[in-house]
Amino acid sequence: SRAPSLPPVPPTPFPRAQCDSLVVLFGATAGAYGAKLGSDERELILLVWQVVDLPSKKVGTLHKSLVKADNLDLSDQCREVSGLTPEGLGKAEPLDRVLQQFSQLVSSDLKVLGRSSYTLCSDGQLLIRQVLHPETSKKNFLLSDCFYSFYDLRKEFHTCYPSSAPVKDQTIKTMAEYLGLGTDETEEDFGVWQVKTMVAIIFSMLSESCNHIFTEPETVKYKYETGPCSKSETVDSETVIRARGLPWQSSDQDIARFFKGLNIAKGGVALCLNAQGRRNGEALVRFVNSEQRDLALERHKHHMGSRYIEVYKATGEEFLKIAGGTSNEVAQFLSKENQVIIRMRGLPFTATQEDVLGFLGPECPVTGGKEGLLFVKYPDGRPTGDAFVLFSCEEYAQNALKKHKEILGKRYIELFRSTAAEVQQVLNRYMSTPLIPTLPAPIIPVIPPPYTIATGSVRDCVRLRGLPYTAGIDDILEFMGDATADIKPHGVHMVLNQQGRPSGDAFIQMKSADKAFMVAQKCHKKMMKDRYVEVFQCSGEEMNFVLMGGTLNRSGLSPPPCKLPCLSPPAYAAFQTAAVIPAEAALYQPQALLPTTRAPQASAAAPPTVTYYPAQAAQLYMNYTAYYPSPPVSPTTVGYIAAPPGAVAAAAATATHTPILPQPGALVRMQGLPYNTGMKEILSFFQGYQYAPDDYNGLIQLSDQARSVLQAPKEWVCL
């Protein structure tokens with residue numbers, strides 16, 4: 001559940017003017033103390049405070065209140081430093097009640113001193129930003145306005161005494177020692193000594209020799225502000241972090257809530273998308289300064305619901321790559337601030353603005369009517385089926401989200417929360433994607449790269465069995481967690497069934513047998529979505545047999561079925577070659593249709609084939625599957641493009657390679673296929689138009705093995 005909406009423009013206790021009253025506040029959690037306060041996500045267990053009237057230098061009553069945490073398992077450091085016990089805390093009030101008492105007692109003390117307003121003053125940033133705001137956000141209750149403005153005593157002290165230690169090295173004790181205050185920490189209870197010493201430090205700063213004035217309080221943003229980001233902006237790399245492991249349905253507001261207490265820059269949350277336009281569980285977040293970014297890094301492995309989130313440093317260039325935009329149309333669309341953005345996916349290509357507005361209905365009016373709609377199109381103007389919609393408030397957006405998977409025309413429509421950065425990403429991706437019909441003429445030869453699937457008996461692979469049928473590569477990588485760093489390049493292989501659909505199995509090549517053993521021990525029967533997955537250690541030989549259509553069970557290995565006795569299953573070793581891929585296509589990993597493993601006549605080894613395709617096609621297909629591709633026997637999304645005769649002749653004159661598809665016009669491109677389409681459905685669709693078996697060589701120069709595949713693909717191409 002979400003916290004209630006916050007007031008859009010709440011009153012701050014003190015604008016930029018001299019402060020008359022301070023409430024000196026100190027707190028402790030059940031975990032780390034000092035510089036690590038709040039970094040371990042432990043709950044608050046102690047609050048101590050005292051009102052200070054600055055003009056008269058009078059103080060109110062010193063109050064100490066214990067807080068009952070949900071988890072009373074105190075750390076050793078907490079027990080040693082505070083002297084508190086779970087038994088004593090068990091009789092305390094919960095945090096929401098303690099904060100109510102805090103407001104009542106502060107108001108009473110201010111009335112005695114003849115004051116009505118105040119500002120908090122704490123020892124550093126951690127208590128307010130890293131403890132109180134995150135904890136109250138998780139427990140779904142609101143802090144009063146006074147907690148959104150406070151003075152950092154360390155910063156104020158350094159301003160008053162510039163020759164003292166840097167702010168990051170200051171503590172209550174070092175500040176007291178600098179002033180020569182003779183307070184003994186052992187004489188008072190934990191928390192009481194800290195507050196009394198802070199008050200003494202404040203009085204010293206108010207003396208005639210310093211005459212310090214409290215005028216510039218620290219502020220905490222009430223809510224995250226959305227907004228566009230231009231690629232021409234300068235983003236300081238010291239203000240950006242990368243968050244990993246986010247739930248796929250997370251919005252920018254959810255991420256801002258995770259970092260509650262820290263000030264995120266306007267439009268500073270950019271959700272990352274994969275090459276298919278879907279969120280990959282990562283986000284780049286930009287903060288207002290490096291101090292806030294450093295505090296964000298301390299939330300590494302804090303929890304969002306039941307998931308822990310990893311937080312790492314990132315760069316300004318990475319942020320601009322994701323969130324920056326150049327389109328005036330997008331900038332105009334996003335110029336309406338404080339709007340809730342919803343993404344619609346799967347729209348019919350014929351859908352108009354009126355159709356979308358009618359689908360949403362009067363219960364969720366779009367901001368500005370048609371001006372609040374942005375259709376995503378290809379560079380040639382064709383619709384992609386995506387659109388973004390603006391709503392003026394959360395209520396309208398929630399009404400729209402209720403229409404998730406309702407029907408428009410003949411298609412169901414998906415609706416998700418979105419962000420300004422996601423709008424930029426989607427538009428950038430589609431507008432910069434080259435289309436095959438518009439590709440320029442230059443052609444470059446690409447030699448199929450080596451596939452390093454071993455066939456030995458070293459058990460450096462793992463087999464995943466029982467995967468959800470909807471699981472993709474990104475789900476497998478998330479499932480493996482930190483072990484993804486030990487996967488070999490191109491080491492994730494999905495096993496497909498005869499229809500070309502996921503079979504529930506996958507093989508993963510690890511860097512060593514030890515790594516494979518650790519993954520099998522750690523991940524065996526771990527849950528993926530709603531299913532547990534079995535993880536077994538295996539060898540490259542066993543993996544190769546299964547990928548080629550064989551079976552692996554307790555009775556051993558069964559080779560792939562093959563009706564033609566003269567043929568043997570293709571081996572991955574046949575993909576190995578010493579050829580160098582051109583730099584323009586270094587990230588693209590083309591897959592030959594089926595390589596030969598032995599020539600029909602026992603003579604010299606058959607030369608490797610050359611695939612021709614335009615240089616820009618590398619950019620078209622550069623997605624995450626380029627790094628973790630399915631094996632060569634699995635269907636690919638790459639359509640081979642015929643080389644012009646001149647390019648073929650030039651290649652033939654300089655190399656002994658035999659080009660594939662020497663005749664232009666032998667291919668057709670199919671668009672709009674259902675996602676569950678398999679090879680059989682495509683062959684059935686072209687029934688009566690395909691080449692006769694004896695004429696396949698008129699389309700592609702094939703080996704006997706490849707020809708047999710086209711005649712009976714189920715034998716060992718699909719598993």
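This is a predicted model: local features need pLDDT of at least 70, side-chain atom pairs count only at pLDDT 80 or more; totals for chains, interfaces and linings use all residues.
Started with helix α6, residues 172–179, where I found Ile172, Met175 and Ala176 buried. Why do they sit on the same side of α6? They span an arc of only 100° around the axis, so they share one side of the helix.

**Rings**

I counted up the aromatic pairs and got twelve in the structure. One of them is Tyr148 with Tyr222, which is stacked, at 4.0 Å centre to centre with 10° between the planes. Where in the chain do Tyr148 and Tyr222 sit? Tyr148 is in the loop between α4 (126–138) and β6 (149–152), while Tyr222 is in the loop between β7 (218–219) and β8 (229–230). That makes it a link between distant parts of the chain, 74 residues apart. Buried or exposed, these two tyrosines? Both Tyr148 and Tyr222 are buried.

I then followed ring pairs elsewhere and found Phe26, Tyr33 and Phe190 joined by them into a cluster.

Two arginines came up when I looked for charges over rings. Arg411 has its charged end over the ring of Phe349, 5.9 Å from the ring centre. Arg531 does likewise with Tyr469, its charged end being 5.8 Å from the centre of that ring.

**Cores**

I looked up the largest nonpolar core, and it has 51 residues. Leu25, Phe102, Leu120, Leu132, Phe147 and Phe259 have the most contacts inside it. Which helix gives the most to this core? Helix α3 (residues 95–113) does, with seven residues. There is also a second, separate core of 34 residues, with Cys19, Leu54, Leu74 and Val195 among its members. Background note: nonpolar side chains tend to be buried together in soluble globular proteins.

**Cysteines**

Last stop was the disulfides, and the structure holds zero. I looked at Cys160, which is in no disulfide. Its nearest cysteine sulfur belongs to Cys210 and is 3.6 Å away, whereas a disulfide would need the two sulfur atoms within 2.5 Å. Why do I call Cys160 buried? Because its relative accessible area is 17%, and buried means under 20%. Cys78 counts as buried as well, because its relative accessibility is 4%.

Key: Residues are numbered from 1 along each chain as its sequence is written. Side-chain values use heavy atoms; hydrogens and water are left out. Buried means under 20% relative accessible area, exposed over 50%, partly exposed in between (1.4 Å probe, protein chains only). Helices (H or I, at least four residues) and strands (E, at least two) are DSSP runs, numbered from the N terminus. The arc is that of the directions from the helix axis to the C-beta atoms. Rings of Phe, Tyr and Trp (its six-membered ring) pair if their centres lie within 6.5 Å; planes under 30 degrees apart count as stacked, over 60 as edge-to-face and the rest as tilted. A charge sits over a ring if NZ of Lys or CZ of Arg is within 6 Å of the ring centre and within 35 degrees of the ring normal. A nonpolar core is a set of buried Ala, Val, Leu, Ile, Met, Phe, Trp, Tyr and Cys residues joined through side-chain atoms within 4.5 Å.
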